[in-house]
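Please open the model in a viewer and keep the selection panel at hand. The tour begins at the ligand and then moves to other parts of the chain.

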Amino acid sequence: MNLTDWTITEKEFKKENTELNGSRYIIGNGYMGYRGTFEEFGKQELVALNMAGLFDRNGDSWRESVNAPNPLYTKVFAGDSEVSLLECAPSEHERSLDIRHGLHLRKTVFKIDGTLITITANRFLSIENEHIIGLDYTVSADKPVNIIVKTGIDGDVWDINGPHFVIKDKKSEEQINSLSCETIENNIKLVVYEFIDTNSGQYDNSEKVKLLNVFNTVVTPEKPFHFKKLAGVYWGDEVQNSEEMFKESIKCGYDKILRKHNAAWKNIWDKSDVVIDGDEEAQRALRYSLYQLISVAPRGNGKCGIPARGLSGQVYKGASFWDTEMFMQPFFSFTDPQVSRKLADYRINTIAGAKRKAREYGFDGAFYAWESQETGDDACTLFNITDVFTKRPIRTYFRDKQIHVSADMVYGLWEYCNISDQYQILADGGLDLIYQCVRFFYSYAYTKLNKRSYEFLDVVGPDEYHERVNNNAYTNKMIERSAEILLSALTKVKLNYPKYYKEFTEKNDIEWIEDFKNNLYVTSPDENGIIEQFDGYMGLEDISLEDIKKRVIDPNEYWGCGQGIATTTRILKQADVIMMLNVFRKKYSKKILEANWNFYEPYTEHGSSLSACAYAIVAANIGNTEWAYKYFMRTATVDLTGNSRQYLGTLYIGGTHPAANGGSWNTAIFGFAGVSYDDDIIDISPHLPENWKSMSFKLAWKGTELSVHINGNDVKIKAIGVKKNINITVYGKKYDLG
Ligand code: BGC
């Protein structure tokens with residue numbers, strides 16, 4: 001694989017990389033994602049047109065996101081031979097992903113009976129019209145050869161726990177083919193259309209799950225066979241008018257749709273790119289991470305979150321985790337507030353599920369799903385991992401005890417408000433979300449009669465290897481922050497939306513909040529400055545990572561749960577105290593950050609791709625740029641190298657890693673550029689890696705676009721479209737922005 005500034009390229013085809021490349025070369029537009037597979041591939045090669053926000057359950061197996069029928073399916077035959085990467089080794093092959101425009105391009109040359117046959121194909125998922133997919137496909141040859149091209153919609157799709165739909169209808173009218181289906185569980189309609197701008201083919205409906213156009217033609221060196229295909233995918237309510245919508249797109253035409261798509265990508269990059277001078281490798285990895293984030297962002301009508309594996313398939317059930325609010329949303333809040341608002345709206349719209357979950361466990365308020373799908377009910381099962389030794393499901397407590405998820409929701413929503421200076425969302429359900437989450441914590445809290453403090457017992461923090469612990473440092477601090485946010489949100493609403501405030505406070509008791517916030521137990525640093533991860537953590541076995549690995553029997557065995565090898569030791573799965581210190585990095589002294597970084601780093605396995613960026617950001621903030629850089633590169637290259645865990649027990653967890661992608665941006669901006677902020681002030685105190693000559697980026701801060709250029713310690717900030725007086729400091733010194 002070769003990566004230039006804006007493209008990644010492979011020049012040979014290796015079948016064994018099919019799964020990894022499916023994620024690496026993915027394209028997406030937030031509505032759907034299309035894995036980086038080839039047109040002649042089928043479900044064995046994990047082709048997937050993964051839909052955001054559409055879920056289904058078949059029988060007793062896990063509910064998961066749905067893969068739609070594949071409208072790009074195309075096979076070429078010459079005589080008895082299939083001209084395909086699956087059937088013969090190519091004499092030349094090049095495939096690339098243009099991350100500037102979200103285009104997947106391939107050119108493969110095959111030698112069949114002495115004739116060189118070349119397949120060239122370009123495809124895109126329109127980021128401007130989220131329903132539309134384009135494929136530009138050419139077969140050429142160095143000698144005249146008779147070929148048959150079959151291209152159409154393949155309904156035989158890859159599923160982990162499927163099948164997820166039944167095919168209801170296959171149609172071909174006015175050159176438009178369509179395949180209509182319905183999901184199994186809730187009978188949700190989904191339709192896939194395709195239109196090929198030619199009338200020389202013949203329609204073939206003979207295969208049960210495929211709908212094909214067949215072209216039988218002679219290709220000569222002068223006359224290649226070429227077609228452009230537009231496909232349209234619609235589900236739910238949009239199916240009703242989908243035919244007209246698709247016809248509109250046909251009228252607009254392939255070329256214009258592509259031009260609009262390119263222009264939309266350009267607009268997005270204009271506000272979100274980060275330019276690094278002096279380090280090409282870091283530049284590429286960071287851009288690639290941003291590409292991944294942009295491709296999964298909900299933009300159109302969709303009402304959904306971002307799944308933990310993006311739109312690369314059904315891993316983790318297509319569900320959204322705390323990953324979104326804590327790792328990805330900062331990028332959107334600072335570069336594309338509309339996307340950030342959509343993410344917050346998704347949580348507001350799914351609060352009913354969170355309320356049901358709180359009630360299920362006997363609490364008040366809203367306990368958000370650990371794994372959230374379209375209703376907000378928790379898709380996480382009680383036995384979420386299977387033991388590799390016994391093949392029996394193991395009880396995990398992610399669903400019941402990872403209560404910090406509700407605090408993460410509050411945090412993400414308030415960050416959106418504060419960064420964008422948009423508070424309308426509070427009156428549109430945002431205040432209720434914040435209130436219900438804090439209310440949940442209030443009912444979860446434990447108080448001893450002789451001790452006026454609120455503690456949080458029996459929880460799971462970010463480090464999942466230690467379940468059912470008391471007073472996890474991250475959890476308690478985030479709950480304290482949520483209570484603070486609730487008070488700030490109430491003040492805002494009282495001032496800006498007095499009528500709503502009155503209604504809200506008549507319905508909801510707010511007397512208890514102040515006391516709850518003031519008396520919440522938050523772990524203090526000990527005499528060495530160390531914050532104990534949870535009560536009793538220091539008493540656990542002190543073992544090195546190197547030594548614990550000697551106890552591993554099976555490479556995929558799970559280190560947590562009841563009998564996992566890490567549970568009785570200090571070894572942690574992922575940043576926990578360091579995640580807390582990353583979020584609150586300005587609230588603790590450099591000495592505390594440093595002491596904890598040095599203490600916890602050797603114990604951290606980084607068994608989750610969410611871990612590295614927290615270590616990177618804190619390292620940058622204590623001036624340890626060398627380690628910050630190492631961890632930055634680890635988070636920024638995760639989807640390029642494929643160096644991430646693929647199995648949890650027997651559970652496959654491969655795919656893309658948008659939280660780590662977000663972590664790359666967070667490290668670049670909050671780590672190296674040293675951006676920090678509170679409600680009124682933004683500070684930039686850079687600590688660039690040595691080889692970075694300069695770094696430039698834009699931030700949308702309170703409606704004003706700040707264009708930042710950092711050169712060593714020299715910081716230039718240009719404010720465009722100033723919306724209100726901006727308080728900005730550089731290395732803590734105040735400057736006036738014109
Ligand atoms: C991590 C969680 C994360 C989830 C989805 C797990 O392995 O421990 O923190 O939310 O993956 O990315």
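Select the ligand and its shell: by class, the shell has 6 nonpolar, 2 polar and 3 charged residues. Here Ala, Val, Leu, Ile, Met, Phe, Trp, Tyr, Cys and Pro count as nonpolar, Asp, Glu, Lys and Arg as charged, and the others, Gly among them, as polar. The residues around the ligand are Ala308, Tyr316, Phe321, Trp322, Asp323, Trp370, Glu464, Lys573, Gln574, Ser608 and Leu610 (a heavy atom within 4 Å of the ligand). The model is predicted, so local features need pLDDT of at least 70 and side-chain atom pairs count only at pLDDT 80 or more, while totals for chains, interfaces and linings use all residues. Residues are numbered from 1 along each chain as its sequence is written, and side-chain values use heavy atoms, with hydrogens and water left out.

Next, display the side chains of Trp322, Asp323 and Gln574. An N or O atom in the side chain of Trp322 is 2.9 Å from a ligand oxygen. For Asp323, a polar side-chain atom lies 2.6 Å from an oxygen atom of the ligand; for Gln574, the corresponding distance is 2.5 Å. The protein covers 95% of the 310 Å² of accessible area that the ligand has on its own (Shrake-Rupley method, 1.4 Å probe).

Now select Tyr193 and Tyr234. The structure holds 60 aromatic pairs (ring centres of Phe, Tyr or Trp, the last by its six-membered ring, within 6.5 Å). The centres of these two rings are 5.8 Å apart and their planes at 75 degrees, so Tyr193 and Tyr234 form an edge-to-face pair (planes over 60 degrees apart). Because Tyr193 belongs to strand β16 (residues 189–196) and Tyr234 to strand β19 (residues 225–235), the pair ties together parts 41 residues apart in sequence (strands are DSSP runs of E, at least two residues).

The peptide bond from Gly162 to Pro163 is cis, with omega near 0 degrees, and Pro163 is in the loop between β13 (145–154) and β14 (165–173). Asn187, in the loop between β15 (176–183) and β16, has a positive phi, near 50 degrees.

Conventions:
Polar contact = N/O pair within 3.5 Å; in protein donor to acceptor, adjacent residues only side chain to side chain. Phe/Tyr/Trp six-rings, centres within 6.5 Å; stacked < 30°, edge-to-face > 60°. Helix = DSSP H or I, 4+ residues; strand = E, 2+ residues; numbered from the N terminus.
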